[in-house]
Amino acid sequence: MNLRAWVYLLGGVYLAMLALAARASWRRHRTSDEFMFAGRSLGVRLGVLTYAAALFSAFTFQGMPDFFRLHGVGAWIFLAVSDGMMVLLIVAFGHAIRRRVRELGFEGVAGLMSSAYGSRGAGWAMFASSFIFLVPYVAIQIRGISIFLRSAFPDLLTPAQWAALIVLLMLAFSEIGGFRAIVFADAIQGLSLLLILWAIGLACVRAAGGWTPLWDGMLAADPALGSVPGPKGLFTPQFLIASAIAIVMIPVTQPQLTTRLVVMKSTAAMHRMAVAVGAFAMLVIFPTALVGALGAIRYAGVRTDQFLSGALLHDRAPWLGALALVGLFAAGLSTTNAQLFALGAELRSMLRGSDRAVMAATRAAILAFAIIVFGFSV
């Protein structure tokens, strides 16, 4: 089969799994708490996969390989050390916030801030900051995936039409399945992300003729790729420190990740999840370095979209290229879904009124956020 036939087959399987997850989750909705937080009973396995999927977005497929291609092995040191430090903060911050949640309750991070400070202004400030950050972040991911899909199938849909399709799928899935369905989708995406990246990474090693030729070829293309600060001088102490702070603070600054710490079924489960997320990060980041190393050999000086379409799609076996395309779509859909739903949860935590009225307003807000994100993406 050619690439398009494999995409239709594997994409159909993926969408069928999403439909089953949404249906199974919808049947369990007895309360608004179940819809918004899956009953606050996540175990370690689902916790690891949903946290990792929310953390490693479409940027893992698109950004990291190009990051390694342009800046060399310093990217591995930067990402691995920063993510390792982040795990320590997950444990400390998760322990602290779960203690506060036991004292104050939890309907969302904005509501928790309002209760902790005794001021609704603090909660609205948290919601506003989440909105300002997440809307363009979600839009950028949708835009990137749309352009990539357009390059793979130039005669099928325009980037705006791809973006509309992604947003409609996000809306249908989150409105039907709620948080539990998003967690199931994250589990599918997390496992597929890991397997697909390793399959592509090992294919790049074989294409280079082995591990040593891959390394030697990268250094032959540009010796500066083998050391810091790299060929473009990016990895200065100032950059590494500033970026490490930004990465380490992700569990605190992104409400969809903070929420996942709170809804773990126990603090012990949250601790085990944090350590496992660190291991997952190392396993996910490393194969992107292999793709980037081959890119430095074969795609030096080309545009990012040309490198990605060649390295991930056209230079691979059709089934593997299709896996990469479906995996990228899954990564973008899962992560953007989680972020869009998180905005709804944050707004819900600040609303007052009957549960039915608050949930109706929350669902309407998620629709409004989706429309805004689509506008930004095009």
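Reply: A helix here is a DSSP run of H or I with at least four residues, a strand is a run of E with at least two, and both are numbered from the N terminus. Leu70 sits in helix 4, which covers residues 58-71. The model is predicted, so local features need pLDDT of at least 70 and side-chain atom pairs pLDDT 80 or more, while totals for chains, interfaces and linings use all residues. Residues are numbered from 1 along each chain as its sequence is written, and side-chain values use heavy atoms, with hydrogens and water left out.

Buried means under 20% relative accessible area, exposed means over 50%, and partly exposed lies in between (1.4 Å probe, protein chains only).

Now its partners. Leu70 touches Leu225, Pro231 and Lys232, leaving aside residues up to four places away in sequence. A contact means heavy atoms within 4.5 Å. Leu234 is 164 residues from Leu70 in sequence. In space, the two are 9.8 Å apart, C-alpha to C-alpha.

Next, the rings. Phe67, Phe78, Phe235 and Phe239 form one aromatic cluster. Rings of Phe, Tyr and Trp (its six-membered ring) pair if their centres lie within 6.5 Å; planes under 30 degrees apart are stacked, over 60 edge-to-face, and the rest tilted. By this rule there are 16 aromatic pairs. One of them is Trp198 with Phe286, a tilted pair at 5.9 Å centre to centre and 35 degrees between the planes. This pair links distant parts of the chain: Trp198 lies in helix 8 (residues 159-208) and Phe286 in helix 13 (residues 267-298), 88 residues apart. Trp198 is partly exposed at 23% relative accessible area. Phe286 is partly exposed too, at 30%.

Last, the whole. The protein has 16 helices and zero strands. Of the contacts with a separation of 6 or more, 82% join residues 24 or more positions apart. Buried residues make up 54% of the 378 residues. The C-alpha trace spans about 65 × 45 × 35 Å along its principal axes. The radius of gyration is 21 Å, which agrees with the value near 21 Å for a compact globule of 378 residues. That radius is taken over C-alpha atoms, and the globule rule is 2.2 Å times the number of residues to the power 0.38.
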